[in-house]
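Colleague: I have not looked at this one before. Can you walk me through it?
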Amino acid sequence: MIQRLNSGRRILTYPAVHPCEAIAPETLLISLIALTHNICSYKSKCIASNKRNALEAIRQIGVIRVFVEEIQAGPPGLPDSTVLSFSELHLAFQKVQYLLEDCTRDDARVWMLMNSERVANQFRVLIRAMATALDVLPLDVIHVAVEVKEQVELVMRQARRVRFDVDPEDKRVVEAVKNVLIGFEKRVDPDKSELKRVLDHVGIRRWSRCEKELRFLESEIGFENLREVGLLSSLKGLLCYCRCVMFGSVDGLPGPRPESSSRSEVVSCLNLDDFRCPISLEIMTDPVTIATGHSYDRSSIMKWFRAGKPICPKTGEKMKNMEVVPNLALKRLIQQYCNENGIPFGDSGRRNRDIGRSTVAGSLAAEGAMKMVAEFLSASVGTGSVEERNKAAYEIRLLSKTSIFNRSCLVEAGVVQHLLKLLASADSETQENAVAGLLNLSKHSKGKAVIVENGGVDLVVDVLKEGLKVEACQHAAGTLFYLASIEEYRILIGENPRAIPALRELIKNGSDRGKKNALVAIFGLLTHPANHRRVLAAGVVPLLFEILASFESEVLVTDSLAILATLAEKPEGAVAISRCKALDSIVGILNLSTSRAAKEFCVSLLLALCANGGHNVVALLVKSPSLMGCLYSQLSEGTSRASKRASALIKVLHEFHETRSSGPVNRVLPQERFVHVR
């Protein structure tokens with residue numbers, strides 16, 4: 001009966017459920033008692049703002065708790081007339097519980113402070129609702145002690161009389177925050193003593209606490225309306241400034257977000273196909289759950305329902321109702337997966353409010369704060385002590401990961417040159433933070449140019465080959481991947497005799513993340529023709545087939561297939577691949593893989609091998625009993641590119657079969673290169 005609190009609920013929302021009309025009074029009473037106990041437990045928790053109002057609400061509900069416990073302990077047989085009152089009380093108390101959960105959150109204190117008036121008003125509304133519910137309770141037929149009834153009547157009067165105003169100190173701190181934000185707009189440094197007063201008021205006394213608040217604000221920006229996004233962005237700027245300037249060290253275990261450690265266990269065991277809408281087969285941007293428990297993209301399922309189909313598309317089950325519920329937990333998982341894998345995430349049906357992908361700040365205050373932070377970090381990473389440089393490098397690493405605008409500010413402030421110098425640091429943490437920061441800044445067009453102009457390619461390759469930590473090596477590979485998006489930089493990287501061999505070593509001995517970074521870096525380098533020969537000479541191809549044989553990670557398998565398909569487009573690449581005698585392995589992946597991308601690369605690879613490997617390759621493929629079925633399924637189920645290539649490969653195989661049956665005629669393939677394959 002009690003509505004369970006869950007992480008999918010938005011802050012300051014109250015998804016309470018009204019008890020059903022047929023519920024027995026005794027059952028409702030038991031649930032009501034449990035609910036009041038839960039509410040009273042919040043008295044011992046930290047309430048950073050609206051504390052007086054929260055405690056007053058808890059006190060009044062505590063009196064009601066005694067009252068309902070007395071009823072339960074009294075004679076059995078409650079009149080049915082109590083159901084209406086108890087139901088309304090239950091509904092109001094569910095909302096109070098949600099509100100108290102928000103007031104005691106340890107990651108949203110600044111947001112709750114800035115919404116003090118809204119929160120105070122909500123307490124007022126809910127306590128008035130409690131009084132209204134008690135008004136219809138037939139006290140004269142309920143057997144409890146006279147003094148308990150008197151206490152209830154007193155609470156009813158107090159509930160209407162208590163004002164539930166915003167606490168004066170909360171008001172003063174809110175005004176202080178607003179003044180700081182106005183200062184940021186004018187690029188005026190705030191008074192540090194005033195900032196400390198604000199932070200102390202909400203209990204933010206450590207770097208990790210400040211970071212926690214920042215993460216909350218970032219998660220909210222994607223969901224709020226445009227008016228709220230401005231305030232959220234401004235508060236992000238404030239807390240970012242405080243985290244970088246007000247705290248001299250990173251305390252405890254803050255749970256950093258950089259590449260090597262931010263990937264959650266849940267996300268790591270998922271692939272992109274898990275997030276596709278079963279109807280459109282596109283990544284869901286606004287997932288909703290229907291009555292059968294299955295999730296779809298909102299636009300797709302609503303179009304399905306409007307077409308007069310009152311059934312679940314996956315199960316065929318007839319729907320009792322066509323209501324949809326936003327699946328916020330799934331949406332956050334999709335956002336996290338897309339952010340960690342560099343996949344654009346758009347919000348269909350409404351303006352995209354992903355500040356992280358915007359080239360401008362979310363507000364003037366956020367813009368001013370970020371520019372001031374960038375200047376502060378540039379000075380710290382360039383001329384600070386060893387500890388200050390390491391912390392500044394770590395802050396740059398975090399900030400450059402979260403938004404395009406941040407990268408722009410940091411590049412303009414001149415942090416790239418300082419980070420490049422830190423790559424030679426004898427301290428492993430400093431080196432890792434520096435190269436991770438450069439990885440993020442290499443995503444920015446000007447950042448790429450500054451890295452290369454300052455000799456960054458050779459320095460990054462040095463870290464790739466001889467980095468003090470495995471994580472530093474994998475970040476270096478990622479940096480080369482982004483640099484390789486520019487043609488002249490692809491040439492420069494390829495000409496470094498240590499670059500491609502070092503990437504090969506990372507594929508062989510690195511972690512899964514390191515292997516992925518090395519694979520995508522090589523894939524990027526292959527868009528320059530001269531690098532094909534260098535990749536083949538480095539002995540990369542056999543390692544790729546080892547990844548295919550292990551099939552431990554579908555992501556790595558897909559990336560390996562992409563490289564092989566590219567190499568096979570040239571005769572020397574097809575020869576090197578054919579020598580590995582792995583056609584059965586490729587066909588097996590085409591048959592078993594659940595990744596549409598992997599299947600597409602399999603088809604592309606096989607088609608390229610047929611074109612550049614000659615009749616021997618085609619002859620072996622014709623003998624494969626499962627290949628034709630896989631290819632025909634790609635015609636209907638694959639991507640448009642996979643469908644076209646599957647059609648071309650089917651034609652090649654059919655023509656070869658007909659040629660072999662009718663004797664020698666014209667060549668089936670445009671090129672022939674006879675190699676021995678199995």
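**The sheet and the cores**

Modeller: This is a predicted model. Three strands make an open sheet, ordered E2-E1-E3, with antiparallel pairing.

Colleague: Which are the edge strands?

Modeller: Strand E2 (295–297) and strand E3 (325–326), each of which pairs on one side only.

Colleague: And how many bridges are there between E1 and E2?

Modeller: Three bridges, with E1 covering residues 287–289. Thr289 has Ser295 in E2 as its bridge partner.

Colleague: What packs on the sheet?

Modeller: Helix H12 (residues 298–306), which touches E1, E2 and E3. The direction of H12 makes about 95 degrees with that of E2.

Colleague: Changing topic. How many residues are in the largest nonpolar core?

Modeller: It has 189 residues, and Phe67, Met130 and Leu419 have the most contacts inside it. Helix H10 (residues 226–246) gives the most to this core, 10 residues.

Colleague: What does Leu419 touch, leaving out residues up to four places away in sequence?

Modeller: Val381, Ala393, Ile396, Ala434, Gly437, Leu438 and Leu441. There is also a second, separate core of 16 residues, with Ile283, Met284, Ile334 and Tyr337 among them.

Colleague: Now H16. Which of its residues are buried?

Modeller: In H16 (residues 404–412), they are Phe405, Asn406, Arg407, Cys409, Leu410 and Val411. Their cover includes helix H14 (364–383), helix H17 (415–422) and helix H19 (445–453).

Colleague: What caps the N-terminal end of H16?

Modeller: Ser403, with a side-chain oxygen 3.4 Å from the backbone nitrogen of Phe405. Just after H16, Gly414 has a positive phi of about 85 degrees.

Key:
Residues numbered from 1 in each chain as written. Predicted model: local features only at pLDDT ≥ 70, side-chain atom pairs only at ≥ 80, totals over all residues. Heavy atoms only, no water. Pairing = 2+ DSSP bridges. Helix = DSSP H or I, 4+ residues; strand = E, 2+ residues; numbered from the N terminus. Contact = heavy atoms within 4.5 Å. Axes fitted to C-alpha atoms, helices over the stretch in contact; angles between N-to-C directions. Core = buried A, V, L, I, M, F, W, Y, C linked by side-chain atoms within 4.5 Å. Buried < 20%, exposed > 50% of the residue type's maximum accessible area, 1.4 Å probe, protein only. Polar contact = N/O pair within 3.5 Å; in protein donor to acceptor, adjacent residues only side chain to side chain.
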